[in-house]
Amino acid sequence: MPTPTSSNPSINKEASVQTPLNFLDHAKKREIMDWMVGIRRKIHENPELGYEEFETSKLIRAELDQMGIPYKYPVAVTGVVGYIGTGKPPFVALRADMDALAMEELVEWEHKSKVPGKMHACGHDAHVAMLLGAAKILQEHRNDLQGTVVLIFQPAEEGGGGAKKMLDAGALQNVEAIFGLHVSARYPFGVVASRPGPISAASCFFEAVISGKGGHAALPQHTVDPILAASNVIVSLQHLVSREADPLDSQVVTIGKFQGGGAFNVIPDSVTIGGTFRAFSKESFVQLRQRIEEVITKQASVQRCNATVIFDEMSTYPANSNNKELHEHFIKIAGDMLGSQNVKEMPPLMGAEDFAFFAEKIPGLFFFLGFNNETEGPIHAGHSPHYRVNEDIFPYGAALHALLATTYLLENPTKHTSPPEESYHDEL
């Protein structure tokens, strides 16, 4: 359990502005805590996949209506964008993803998923609850905000590229910076972790069909064996990282799918393989994609087969890179709230996160919020059917969201000294 050094950091550069910053104590109030937990459990019981989050979105809009927070809907099918503050620059955004995963929940508890084959196994239900908690805090202090906080409730993070669709729909219009968090069982309760620069890798899925000529397994001379060709392809793909990539430039190529044939004594006509590749730099990512296609098609031809390669553009995410100045802001604010000993610098991850689309467009900061309490039994990592979230962490996430946004507005007054009225639109 973290020992807060202060939840009232004195960061206001103008003594005349007295914005209440005691957000953590406020978020810990029993009525707010119970409210956030209730929201999370409703969403958890009714998980929805990417671009299908209609009931989740409806719940979010109902809560925003009750708080008197204006919003835009629909944005990118099911997304919601809310606004708190002056409606004028500067604009800073907070983001929560909404979608669930296509898996069966194996946790037996009162609020287990009621939808067969769907589960919130990555904490997105908690993300929504905490952002709504932040919204409640910010709305209560809206008259003290020195600009506008934009609430981004995003669909389809899990492979659907929902952040990209929200960008294309104008969700970040006029926004100067964005913050996002992810709950994590990797870190102890109340510990936050982030890093400047790349925090997660660029990612893409691919699939290849290798076609030959099927026949009887006892007469391979009359066939063109796609299984042999696919096997050589997979081995050759591993050389891309071990022999072509700089050892100091982390990259991954993994084949996770191999489908071909259905009988012991039959060589099939074709084999389908699929996998993913990851890299931190754009140059390495582009090079890896090019070489994957070359290796598959040319190695297949060596075995007298043909191959077609399809890259899944929907699953293609850029590397998620944290802005250095925002990271410094995060370190200070999180340290003031949680204690500097509870703010960690983490190594980059080869996992992917579509927050990267936002951070590629404007300065962004993504961080992890630990909830692991060993006294409560084993904790399973995300994407596990046994995944559980420690709901006691919700006040910390809500308060950090609110405090990061509020202090950003205080420290970054609008750069537009006398903007023409049409240079931005009044969101409120």
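Of the 26 residues lining the largest pocket, Cys 122, His 182, Gly 351, Ala 352 and His 383 are the closest to its centre. A pocket here is found on a 1 Å grid over the protein atoms alone: it is an open set of points where a 1.4 Å probe fits, with protein on both sides within 12 Å along at least five of seven lines, and lining residues have an atom within 4 Å of a point. Grid points are joined across faces, edges and corners, and the volume is the space filled by probe spheres set on the points.

A word on the ground rules. Residues are numbered from 1 along each chain as its sequence is written, and side-chain values use heavy atoms, with hydrogens and water left out. Because this is a predicted model, local features need pLDDT of at least 70 and side-chain atom pairs count only at pLDDT 80 or more, while totals for chains, interfaces and linings use all residues.

Back to the largest pocket: strand 5 (175-188), strand 8 (202-211), strand 13 (306-317) and strand 16 (364-372) each give at least two residues to its lining. Strand 5 provides the largest share, 6 residues. Helices (H or I, at least four residues) and strands (E, at least two) are DSSP runs, numbered from the N terminus.

The second largest pocket holds about 170 Å³ of space. Helix 7 (282-302) and strand 13 are the elements that give two or more residues to the lining of the second largest pocket. Among the residues lining the second largest pocket are Phe 280, Lys 282, Tyr 317 and Glu 360.

Now to the cysteines. With a disulfide taken as a pair of cysteine sulfur atoms within 2.5 Å, the count comes to 0 disulfides. Cys 122 is in no disulfide, and the nearest cysteine sulfur, that of Cys 204, is 19 Å away. Cys 122 is buried at 11% relative accessibility, and Cys 305 is buried too, at 3%. Buried means under 20% relative accessible area, exposed over 50%, and partly exposed in between (1.4 Å probe, protein chains only).

Two helices sit well inside. Helix 10 (residues 394-411) has 17 of its 18 residues buried, so it is largely enclosed by the rest of the structure. Helix 4 (residues 124-140) is also largely enclosed, because 15 of its 17 residues are buried.

The loop between helix 2 (30-45) and helix 3 (54-67) holds Glu 52, which is partly exposed at 37% relative accessible area. Glu 52 touches Thr 78 and Lys 118, leaving aside residues up to four places away in sequence; contact means heavy atoms within 4.5 Å. Tyr 51 is found in the loop between helix 2 and helix 3 as well. Phi of Tyr 51 is near 65°, a positive value in a residue other than glycine, and Tyr 51 is buried at 18%. Arg 304 also has a positive phi of about 65°, but Arg 304 is exposed, with a relative accessible area of 59%.

Finally, a cis peptide bond joins Tyr 73 and Pro 74, with omega about -5°. Another cis peptide bond joins Pro 89 and Pro 90.

Note on methods:
Expected span 1.5 Å × (residues − 1).
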